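This report examines selected structural features of one protein chain. The sequence and the coordinates are displayed below for reference.

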Amino acid sequence: MARRSGVLIPLFSIRTPQGWGLGEIPDLVPFARWSREAGFSLVQLLPVNQPSSGQDSPYAASSAFALDPMFLSLEACEDFHHAGGSKALSVEQQLMLQRVRSAQFVPWRDLRPLKEFGTWMAYRHFHEHEWQKDTARAAELKRYVESQREWLEEFVLFKALHDERNTAWTDWEPELAGRDPGALASHRTRLQDKLLFLKWIQWQLDVQWRAARAEIRNLGVQLMGDLPFVVAGDSADVWAHQDEFRMDARVGVPPDAFSADGQDWGLPVFRWDVMAQNKLAWFRARGHRAAELFDYYRVDHVVGLYRTYHRFPDKRAAFSPDNEKDQTLNGEAVLRTLSERATVIAEDLGTVPDFVRTSLTKLNVPGYRVLRWEKDNAVFRDPMKWPALSVAVTGTHDTESMAEWYDLLSDAERKAFLDIPALNHLKARAPRIFDPQVRDAILDLIFRSGSDLTLLPFQDALGTRERVNVPGTVAESNWTFRMPQDVSALLADGATNARLRGLAQRSARLP
């Protein structure tokens, strides 16, 4: 991998005048244009999957394959315009649209029903003027459905049934929860209009994604995605592949320095033995789908692919597989499968046994080096000595900003941090509060690290203090971060762009 740099931002965080309260697929293009101006050649997103019912977190998906309809730009949807566009909304809805567009944070609660109405309005026009007349665009939808049949048919039926019942699939009628073929066929017939609507949404998302990705590639920028470790238990994937998941236990992580009791994520557990029998078909399909969307993707919680820690209702806990030899074989098989069509990067944070990192090196899969956690006891490791096969970052979507982290350092921690050789010029002043000089010194340190790839959270690139998520909490502020300025303001900020581009140039990361 050549030396390069990238910027991390959730798609929902991008702000443009035409967006409906969040970043939408076409907004990736102007953001990538800014990224190129600032010297970045990679844009990393958080997961863009359809979330589980009642969730805003992109890591609790109702599908490993379907995109979130909230990312569909209605302003760029021809069926929406033919249906009258935003002028066809009621006065109350138009006022709501003004409010969500100007909101400081992503207003999920107001946004979802508003956008669902606009999406249905667009689909009804398509159905009447395209589908029923069997036009060329109707044929395009048919081709899309056929190309994605492997996951799409199960997802749309799951979603339609779930919308009707508004409860987890495990509480559905036994014939539906148990997937009786006759019952499924009957409901497919009864719900055919709703199913076509859901297919139309995914098709329109695909149309916009392919167009945006082509423009981004022409800019010389690549996209990096994020593959969640597992989907929610209440998901189309688990419902359709019940034999491949355990529902009598829940995925988590064991106790560590950050949590004396470990963590219970409430997610289903892979049945690795069953998945091995069909040659990891579900993971292979996930990898192929990710490659349709991205050039690179981060594999979340990679240690769990080697050994999945899970808890039972009686508080017992176990790893699966249960021995190092089988764990190594399992993790390497899954990663080779996921790497077939795109470049994989391993999120190897937390408690990770040495054999996992040895295996990742053998597979040529880079792991993460998070500046604040790279220590031997209380001594910070010199980033200049980090291995080339790694990703240098100032923080992640789960950490506080670089600015907040620096301000919270104790005197002893700050002294240890400023003992990193490249920060010697700050030692005499030893600033207690984050300022532009501290910002530039830390970014220069990360850019000049030994890692081939540098990824900066958007907030750290600018030196601001916003946060995306606080792990272990359920709060309305999580997953709602929006850029405070419009992308056009970023493009016009010559000083910031020159500063960032200079960092890339001095560290031989300029595309």
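Predicted model: local features only at pLDDT ≥ 70, side-chain atom pairs only at ≥ 80, totals over all residues.

An open sheet is built from 8 strands with parallel pairing, arranged in the order β9-β6-β3-β2-β1-β14-β13-β10. Its edges are formed by β9 (343–346) and β10 (367–370), each of which pairs on one side only. From one strand to the next, the twist averages 25°. Strands β1 and β2 run parallel and are joined by 3 bridges; within this pairing, G6 has L42 of β2 as its bridge partner. Helix α19 packs on the sheet, where it touches β1, β13 and β14, and its direction makes about 150° with that of β14.

The residue ranges of elements involved in these contacts are listed here.

| Element | Residues |
|---|---|
| Strand β1 | residues 4–8 |
| Strand β2 | residues 42–44 |
| Strand β13 | residues 390–393 |
| Strand β14 | residues 453–457 |
| Helix α19 | residues 436–447 |

**Helix α14**

Helix α14 (residues 324–338) contains 15 residues; at 1.5 Å a residue it should therefore span 21 Å, and this agrees with the 21 Å between its end C-alpha atoms. Its buried residues are Q327, T328, N330, G331, E332, V334, L335, T337 and L338.

**Residue T170**

The loop between α6 (149–165) and α7 (174–177) contains T170. T170 and R509 are 339 residues apart along the chain, and their C-alpha atoms are separated by 50 Å.

Terms used: Residues numbered from 1 in each chain as written. Heavy atoms only, no water. Pairing = 2+ DSSP bridges. Helix = DSSP H or I, 4+ residues; strand = E, 2+ residues; numbered from the N terminus. Axes fitted to C-alpha atoms, helices over the stretch in contact; angles between N-to-C directions. Contact = heavy atoms within 4.5 Å. Expected span 1.5 Å × (residues − 1). Buried < 20%, exposed > 50% of the residue type's maximum accessible area, 1.4 Å probe, protein only.
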